[in-house]
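Me: I have a structure to go through with you, and I would like to take it topic by topic. Here it is.

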Amino acid sequence: MYSLLTNISLFADVSKLAVDDYVGFTFFVGCMAMMAASAFFFLSMNTFDRKWKTSVLVSGLITFIAAVHYWYMRDYWAANMESPTFFRYVDWVLTVPLMCVEFYLILKVAGAKRSLMWNMIWLSVIMLVTGYFGETLYRDQAWFWGLISGIAYFIIVAIIWVGPAKKLAVQAGGEVLKAHKTLCWFVLVGWAIYPIGYMAGTPGWYEGIFGGLPMDVIYNIGDAVNKIGFGLVIYNLAVTASAKETA
Ligand SMILES: *C/C=C(C)/C=C/C=C(C)/C=C/C1=C(C)CCCC1(C)C
């Protein structure tokens, strides 16, 4: 029985984690936090009516997809002491579009169109694919790809802060408008953590500005703040809006 268990990868050898391995540590804690958040969102979603259930489900999917990727990234880092760039970007390319879907879902009450959602999704994919190019294939021109990525990022910021998404949020008013505003801050400030990680981890004129802080620690902090924080804003909206509807 014991040998059977050790043959299942979940119970196989556990890699050592050095006390000063902050990257390994944040992958480990990040993985646990994403799992806990997923359990929380999935278990609470059925207490809401249909309008909010989907939004809370998507919050859970975002943290769950991240939990699975963190499981692999934690292991990849422990085995190779190298950034798990591929897994990182696969995670982002699945979860960031889902965050765009969240904006659409909460703004549907004000008549948000699918085209708004798709515009945001495409921009987020451009932002991520160009970032991936800069981190992997074209590291020598990392600044260039980072710039293109940054432009796509700013268009997303504009859409939600002053563009069509903002107009819909104002029309919706009340709790939706409040939640939209908080999510806007997450995208403006929380998402800005990522270009900092990128600059810390790729060669370029900006080298050294971030004092050798490891790129993966910065990304891991960004993910915890944004994925769990974002989900909690949606959860809070579901709670407050449902309470008002039944009142
Ligand atoms: C859960 C994961 C999230 C919210 C990831 C977001 C990632 C970004 C906003 C990344 C942005 C980047 C730039 C704006 C420029 C440099 C390249 C990136 C991809 C790190």
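Predicted model: local features only at pLDDT ≥ 70, side-chain atom pairs only at ≥ 80, totals over all residues.

Me: How many salt bridges does a search of the whole structure find?

Reply: The search finds five salt bridges.

Me: Take D216 and R88. What is the N to O distance there?

Reply: The salt bridge between the side chains of D216 and R88 has an N to O distance of 2.8 Å. The two residues come from distant parts of the chain, 128 residues apart: D216 belongs to helix α10, residues 215–246, and R88 to helix α4, residues 85–107.

Me: Buried or exposed, those two?

Reply: D216 and R88 are both buried.

Me: Which residue forms a salt bridge with K244?

Reply: The partner of K244 is E175, and their closest N and O atoms are 2.6 Å apart. This pair also links distant parts of the chain, with K244 in helix α10 and E175 in helix α8 (residues 174–190), 69 residues apart.

Me: And why does K244 count as exposed?

Reply: K244 counts as exposed because its relative accessibility is 55%, and the cut-off for exposed is over 50%. E175, by contrast, has 15% relative accessibility and therefore counts as buried, the cut-off for that being under 20%.

Me: Next, D223 and K227. Where do they lie?

Reply: Both are in helix α10, four residues apart, which is about one turn of the helix.

Me: Why does D223 count as buried?

Reply: D223 counts as buried because its relative accessibility is 0%. K227 is at 3% and so counts as buried too.

Me: Which residues do salt bridges with shared partners join into one network?

Reply: The network consists of R88, D216, D223 and K227, joined by salt bridges that share partners.

Me: Changing topic: what volume does the largest pocket have?

Reply: Its volume is about 570 Å³. The lining has 27 residues, and those closest to the centre of the pocket are G146, S149, G150, Y194 and P195.

Me: Which helix gives the most to that lining?

Reply: Helix α6 gives the most, with seven residues. At least two residues each come from α4, α5 (114–135), α6 (142–161), α9 (193–201) and α10.

Me: How do the lining residues divide into nonpolar, polar and charged?

Reply: In the lining of the largest pocket, 20 residues are nonpolar, five are polar and two are charged.

Notes. Residues numbered from 1 in each chain as written. Heavy atoms only, no water. Salt bridge = Lys/Arg side-chain N within 4 Å of Asp/Glu carboxyl O. Buried < 20%, exposed > 50% of the residue type's maximum accessible area, 1.4 Å probe, protein only. 1 Å grid on protein atoms, 1.4 Å probe; cavity = no way out; pocket = protein on both sides within 12 Å on 5 of 7 lines; lining within 4 Å. Points joined across faces, edges and corners; volume = space filled by probe spheres on them. Nonpolar A, V, L, I, M, F, W, Y, C, P; charged D, E, K, R; others polar.
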